[in-house]
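Student: I've got a model open and I'd like to learn how to read its helix packing. Can we go through it together?

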Amino acid sequence: MASPITHAVVALSLGAAWNRSRSDWKFLAAGVVCAEIPDADVLGFWFGVPYGALWGHRGMTHSLLFAAAFAGVMVRLAGDSEEAGRQRFSRWSYFFLATASHGLCDAVTDGGLGVALLSPFDTTRYFFPFRPVMVSPLHWDMFFSPVGLRVLVSEAIWMWLPCLVFVVVAVGLQRRLSPVRDEQQRHDKDR
């Protein structure tokens, strides 16, 4: 798995693509929850759920179906009842991508059994062909060790830097398109 830090970095980076107030911390915090929740499946280890089972680690909670359903729950929990359909879909899209990013990030790591992205329809565990990211240890004592440091360096190179580029491009495009959007809104009001 990628580290919890990286899952949060990815969710916050995706949030940069949504044209929302930078101070909308509740929206971004909900996105971080979405990105982290798939790893709740590690609790299954305590209850004897085998790693490769449907509800085992990197199983159902890492699937695209789970991401879609959880995004719907988050829209209800973190949404505004006054939102129009288009705004709700936008919020759902962000929550879906934040949740789905978890499994996609795990699929570029070099360890584990793979990710059941298409579960429950296909329980095959997938990895991407290019797997440059060191898998993060499951235990905190190992995370705060030289092994954990090597994982963070690997994630910084292969995930954080691309996220930074994504944020710079997304914010730049929003600033560039903002005057056009403002002019279009003024034109629509004049009609």
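Student: Which residues in α2 meet which residues in α5?

Tutor: Some ground rules to start with: this is a predicted model, where local features need pLDDT of at least 70, side-chain atom pairs count only at pLDDT 80 or more, and totals for chains, interfaces and linings use all residues. Residues are numbered from 1 along each chain as its sequence is written, and side-chain values use heavy atoms, with hydrogens and water left out. Contact means heavy atoms within 4.5 Å. On the α2 side you'll find Phe-27, Leu-28, Ala-30, Gly-31, Cys-34, Ala-35 and Glu-36, and they meet Arg-91, Tyr-94, Phe-95, Ala-98, Thr-99, Ser-101 and His-102 of α5.

Student: At what angle do α2 and α5 pack?

Tutor: Axes are lines fitted to C-alpha atoms, for helices over the stretch in contact, and angles run from 0 to 180 degrees between N-to-C directions. Here α2 and α5 pack at about 35°, and their axes are 7 Å apart.

Student: And how do α1 and α2 pack?

Tutor: Helix α1 (residues 4-15) and helix α2 (residues 25-36) have axes 8 Å apart and an angle of about 135°. That makes the pair oblique; angles under 35 degrees count as roughly parallel, over 145 as roughly antiparallel, 65 to 115 as roughly perpendicular and the rest as oblique. From α1, the contact uses Pro-4, His-7, Ala-8, Ala-11, Leu-12 and Gly-15, while α2 brings Leu-28, Gly-31, Val-32, Ala-35 and Glu-36.

Student: Which residues touch the most other members of the largest nonpolar core?

Tutor: The general idea is that nonpolar side chains tend to be buried together in soluble globular proteins. A nonpolar core is a set of buried Ala, Val, Leu, Ile, Met, Phe, Trp, Tyr and Cys residues joined through side-chain atoms within 4.5 Å, and buried means under 20% relative accessible area (1.4 Å probe, protein chains only). In this chain the largest core has 25 residues, and Cys-34, Met-74, Tyr-94, Phe-95 and Met-159 touch the most other members. Two or more residues come from each of α1, α2, α4 (64-78), α5 (85-106) and α7 (146-190).

Student: What is Cys-34 in contact with, beyond its neighbours within four places in sequence?

Tutor: Look for Phe-70, Met-74, Phe-95, Ala-98 and Thr-99.

Student: How many helices and strands does the chain have?

Tutor: Helices (H or I, at least four residues) and strands (E, at least two) are DSSP runs, numbered from the N terminus. You'll count seven helices and zero strands. Buried residues make up 39% of the 191 in the chain.

Key. Buried < 20%, exposed > 50% of the residue type's maximum accessible area, 1.4 Å probe, protein only.
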